[in-house]
Amino acid sequence: MVESSVVTPPIRLLAADIDGTLLNPEFQISEIDLAALRRAHREGIEVILVTGRRHKFALPIAKLLGFDLWLISSNGAITRSLAGETFHRDMLPAETCRKLCGTMREFRGNTVLTFDVESKGAVVLEHMRELNESIQRWLEKNLQYIDFVIPLENSLTTDPVQAMFCGRIGRMHRAPGVIAARGLENEITVLRTEYPARDLSIVDVLNQGCSKGHALERWANYRGIPREQVMAIGDNYNDIEMLAYAGAPFIMGNASEELRGRGWPVTLANDQNGVAAAIDQVLGTRVGV
């Protein structure tokens, strides 16, 4: 006799990046991707968004999903719920950031500091003249949170979330080497994100050991979920640690050739509902026994 049964989902935690992954080139979530995430949620899988965005800037995207969830923001520095409950914060020590700012004087016009407040002063910089158009537009839309401080070090009255160096890809490729020459590698983590179509690169400097992967591992351990039951979907260099940790990693089809060549399963691009395609690949099978 043949009996059909519903199989327990092979994953219990689904971590999805936002920009370049969940958002399509029009900076929207497709209805197909939304439906897939809602299906995962209905099947008892916890969905968590893992992003380089600040928590406040990720909230409008998270709320579109239509169910309660947690966010890992600022590349792993903050883990916080939609309601504002904080699980973990991993701040960059102010003194370390002060040394970093001194080292990166040639990139002073590309430097942005972020702080864990939801008011003016959440984003601090000296001026916007050297930031390229993509970042300038983002900053101009969020002027209510921006404070201009000269010199930048005067804003370091408390530990920041991170320092960011934003600019054109060619210029930003030089930044990690300058940071490394200062000998701060035992105090910081350096992550990069690149968007070639916009000639935009962001080099994020966080506390030592801070990354999307470490934050996801911390959350999975808290939930009692083994890595084998963790799925992660990402598209960029700042997703590497998260994808390396997950038992079921998927790299987006729009990721760079370098990242797609790392051996992870490749899903469709973000303009082809790649998130849904990955979820369907994992959850789509029903077994007949």
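**The sheet and its surroundings**

Tutor: Strand β3, residues 70–73, and strand β4, residues 78–81, are paired in the antiparallel sense over four bridges, and within this pair Ser73 stands opposite Ile78 of β4. This is a predicted model, and the chain has an average pLDDT of 92, with 95% of the residues scoring at least 70.

The two strands belong to an open sheet of seven strands, whose order is β5-β4-β3-β2-β1-β12-β13 and whose pairing is mixed. Its edges are formed by β5 (86–89) and β13 (248–251), each of which pairs on one side only. On average, and with direction ignored, neighbouring strands of this sheet are turned by 15° against each other.

The buried residues in question are His55, Phe57, Ala58, Leu59, Ile61 and Ala62.

Leaving out residues up to four places away in sequence, Glu85 touches Trp70, Thr79 and Arg80. The C-alpha atoms of Glu85 and Trp70 lie 9.0 Å apart, although 15 residues separate the two in sequence.

The largest nonpolar core has 34 residues, of which Leu14, Leu49, Leu65, Met231, Ile233 and Ile279 touch the most other members. At least two residues of this core come from each of β1, α1, α2 (31–42), β2, α3, β12, β13 and α11 (274–283), and α11 gives the most, with six residues. For Leu14, once neighbours within four places in sequence are set aside, the contacts are Leu37, Ala40, Ile45, Glu46, Val47, Ile48, Met231, Ile233 and Ile279. In soluble globular proteins, nonpolar side chains tend to be buried together.

Cys97 is in no disulfide, and the nearest cysteine sulfur, which belongs to Cys101, is 4.3 Å away, whereas a disulfide would need the two sulfur atoms within 2.5 Å. Cys97 counts as buried because its relative accessibility is 0%. For Cys210, the closest cysteine sulfur is that of Cys97, at 13 Å, and this is too far for a bond; Cys210 likewise counts as buried, with 1% relative accessibility.

A caution applies to two stretches of the chain. Over residues 1–7 the pLDDT stays under 50, and the model has eight contacts beyond four places in sequence for them. Over residues 285–289 the pLDDT also stays under 50, and there the model has ten such contacts. Where pLDDT is low, the predicted coordinates should not be read in detail.

Notes:
Residues are numbered from 1 along each chain as its sequence is written. This is a predicted model: local features need pLDDT of at least 70, side-chain atom pairs count only at pLDDT 80 or more; totals for chains, interfaces and linings use all residues. Side-chain values use heavy atoms; hydrogens and water are left out. Buried means under 20% relative accessible area, exposed over 50%, partly exposed in between (1.4 Å probe, protein chains only). Two strands pair if DSSP finds at least two bridges between them. Axes are lines fitted to C-alpha atoms, for helices over the stretch in contact, and angles run from 0 to 180 degrees between N-to-C directions. A nonpolar core is a set of buried Ala, Val, Leu, Ile, Met, Phe, Trp, Tyr and Cys residues joined through side-chain atoms within 4.5 Å. Contact means heavy atoms within 4.5 Å. pLDDT is the predictor's confidence in each residue, from 0 to 100.
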